[in-house]
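Reader: Hi! Could you walk me through this one while I have it open on my screen?
Author: Happy to, let's take a look together.

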Amino acid sequence: MNILVIDAQGGGIGKQLVTAVKQNIPSANVTAVGTNSTATLAMLKAGADGAATGENAVIVGCRTADIIIGPIGIAIADSMLGEVTPKMALAVAQSNAKRILIPFNHCDTVIVGISDFNIGRLVQSVINEIQSENS
């Protein structure tokens, strides 16, 4: 299973996602793509099998991923303080991969009807969803 983790800014969410996937689904091949080198490095240090940075890396990674995970902003053009380009968001949205997106109310995107869960609980929900795909 090829899992693509995409994150921006400091890569903190991506780092937690990579760590959780590698601990709970060790057979998964995890590729980390950051919108910047700081985000990429954080996810690589967390144990990603491979990593790359930037718009083209997101586009290429979305072509071969079975599952894409990250904050919901990866599917919204110009989100995450402008780090997600329209081409990145389009690649995520048009990918044949299953998308597991973490809801966050920030950067002028508000998702109503979502309770404020802590990041640990949201990451565990991602793992549960991936594991349900394999059963």
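Author: Let me begin at Met80, which is buried, with a relative accessible area of 4%. Keep in mind that this is a predicted model.

Reader: Nice. Where does Met80 lie in the chain?
Author: Met80 lies in the loop that links strand 4 (67-71) to helix 4 (86-94). Although Met80 is not a glycine, its phi is positive, at about 55 degrees.

Reader: Which other residue has a positive phi although it is not a glycine?
Author: Gln9 does, with a phi of about 50 degrees. Gln9 is found in the loop between strand 1 (2-7) and helix 1 (12-24).

Reader: And is Gln9 buried or exposed, or partly exposed?
Author: Gln9 is partly exposed, having a relative accessible area of 28%, whereas Met80 is buried at 4%.

Reader: Let's zoom out. What order do the elements run in?
Author: From the N terminus on, the order is β-α-β-α-β-α-β-α-β-α. That gives five helices and five strands. The radius of gyration is 13 Å, close to the 14 Å that the globule rule gives for 135 residues, so the chain is as compact as a globular protein of that length.

Reader: How far does the C-alpha trace span along its principal axes?
Author: About 35 × 35 × 25 Å. Of the 135 residues, 42% count as buried.

Reader: OK, on to the inside. Which residues have the most contacts inside the largest nonpolar core?
Author: Ile3, Val5, Val21, Val30, Ile69 and Ile130 do, in a core of 22 residues. Strand 1, helix 1, strand 2 (29-34), strand 4, strand 5 (98-102) and helix 5 (119-133) each supply at least two of its residues. Helix 5 gives the most, with five.

Reader: What is Val30 in contact with, leaving aside its neighbours within four places in sequence?
Author: Its contacts are Ile3, Val5, Val18, Val21, Lys22, Ala48, Asp49 and Gly50.

Reader: Last topic, the surface and charges. What can you tell me?
Author: The accessible surface comes to about 6600 Å², and 50% of that belongs to carbon and sulfur atoms. As for charges, there are 8 positive and 10 negative ones, with mean positions 5 Å apart.

Notes:
Residues are numbered from 1 along each chain as its sequence is written. This is a predicted model: local features need pLDDT of at least 70, side-chain atom pairs count only at pLDDT 80 or more; totals for chains, interfaces and linings use all residues. Side-chain values use heavy atoms; hydrogens and water are left out. Helices (H or I, at least four residues) and strands (E, at least two) are DSSP runs, numbered from the N terminus. The radius of gyration is taken over C-alpha atoms; the globule rule is 2.2 Å times the number of residues to the power 0.38. Buried means under 20% relative accessible area, exposed over 50%, partly exposed in between (1.4 Å probe, protein chains only). Accessible areas come from the Shrake-Rupley method with a 1.4 Å probe; for residues, only the protein chains shown count as cover. Lys and Arg count as positive and Asp and Glu as negative; His and the chain ends are not counted. The place of a charge is taken as NZ of Lys, CZ of Arg, CG of Asp or CD of Glu. A nonpolar core is a set of buried Ala, Val, Leu, Ile, Met, Phe, Trp, Tyr and Cys residues joined through side-chain atoms within 4.5 Å. Contact means heavy atoms within 4.5 Å.
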